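Please consider the sequence and the model displayed below. The paragraphs that follow lead through selected strands, helices and backbone features.

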Amino acid sequence: MQITEIKTPSLLLDIGRVNRNAGRISEIATRNNVRLRPHVKTHKCVEVARIQTAGHDGAITVSTLAEARAFAKHGFTDITYAVPIERGKFADAIEILQTGVKLNLLTDDAETVTSLDQAAGKAGVRFDVFLKIDCGTHRVGVEPHTDEAMEVPRQIADSKNLNFAGILTHAGHSYDVKTKDEILKVARHERDVMVELAGRLRDVGIEVPTVSIGSTPTISTVDHLDGIDEIRPG
């Protein structure tokens, strides 16, 4: 069959390149002793996700709850929904959690924490919740040097039906720079901002189970991952 004869939408892969790219990221995670939780939003393909997670524990990152449902049906049971949760999506998130999936949520808003805690309590469930940090993208997330960056984790940790899972960021602005040196600068900033914030939280008695960072360019370029627990390249 010719490419021109394939009905769209269709996914065409250079499987050799996919395996090489996945292997390179896997090696970076193993060498740096960090957890690999790859993002699946670009390909949305179960088979590719299995390649990405081979040799690791199968944890993945998604950008929609529909993705979470689809991958859960194929055996992926540790999923981070990497968009700050909205009140209108509480019911869907609770439904997914009740199927036995470990669904980690994000927030950057104190009022949402209160509402989510109440909703989880009514449903008899408990969520692991990350604080989303803005390390330079300026789309969503809490600025790391604000009072919020200290107060919201405390609020999550003190909630009856939520666990504070840690802090999470994504240096999406790394896609906008042009040279390897520029990417390395972004990568170091992404790492260092998060390690510094985790240290400040721990200094005031807030446990930070996971420091999670992300983009493919930064993880491919960063010189070390000291102080980081998890990476989420896609």
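**A strand and its neighbours**

In this predicted model, residue I133 stands opposite T169 in strand β6. The chain passes from β5 through helix α6, residues 148-158, to β6, and the β-α-β crossover made in this way is right-handed. Strand β5 comprises residues 127-133 and pairs with β6 in the parallel sense, over seven bridges.

Which strand pairs with β6 over three bridges? The partner is strand β7, residues 210-213, and this pairing too is in the parallel sense. Within β7, S212 is the bridge partner of L168. To reach β7 from β6, the chain crosses through helix α7, residues 180-203, and this β-α-β crossover is right-handed.

Why is β6 described as largely enclosed by the rest of the structure? The strand spans residues 162-169, and seven of its eight residues are buried, so the remainder of the structure largely encloses it. A residue counts as buried when its relative accessible area is under 20%. As a general point, side chains in a regular strand alternate between the two faces of the sheet.

**Two helices in contact**

A pair of packed helices is described by the angle between their axes and by the distance between those axes. Helix α3 covers residues 65-72 and helix α4 covers residues 90-98; their axes come within 10 Å and cross at roughly 15 degrees. Angles under 35 degrees count as roughly parallel, and α3 and α4 are therefore roughly parallel to each other. Their crossing is left-handed. On the α3 side the contact is made by L65, A68 and R69, and on the α4 side by D92, A93, E95 and I96.

**Backbone exceptions**

Most residues other than glycine have a negative phi, and most peptide bonds are trans.

The peptide bond that joins T8 and P9 is cis, with omega at about 0 degrees. P9 is located in the segment before α1, the helix of residues 15-32.

K44 is not a glycine, yet its phi is positive, at about 50 degrees. This residue lies in the loop between β1 (35-36) and α2 (46-53). Is K44 buried or exposed? Its relative accessibility is 52%, so K44 counts as exposed, the cut-off for that class being over 50%.

H138, likewise a residue other than glycine, has a positive phi near 60 degrees. H138 is found in the loop between β5 and α6. With a relative accessibility of 58%, H138 also counts as exposed.

Key. Residues are numbered from 1 along each chain as its sequence is written. This is a predicted model: local features need pLDDT of at least 70, side-chain atom pairs count only at pLDDT 80 or more; totals for chains, interfaces and linings use all residues. Side-chain values use heavy atoms; hydrogens and water are left out. Buried means under 20% relative accessible area, exposed over 50%, partly exposed in between (1.4 Å probe, protein chains only). Helices (H or I, at least four residues) and strands (E, at least two) are DSSP runs, numbered from the N terminus. Two strands pair if DSSP finds at least two bridges between them. A crossover is right-handed if, with the strands pointing away from the viewer, the path from the first strand over the helix to the second runs clockwise. Axes are lines fitted to C-alpha atoms, for helices over the stretch in contact, and angles run from 0 to 180 degrees between N-to-C directions. Angles under 35 degrees count as roughly parallel, over 145 as roughly antiparallel, 65 to 115 as roughly perpendicular and the rest as oblique. A crossing is left-handed if the near helix is turned anticlockwise from the far one by less than a right angle, and right-handed if clockwise. Contact means heavy atoms within 4.5 Å.
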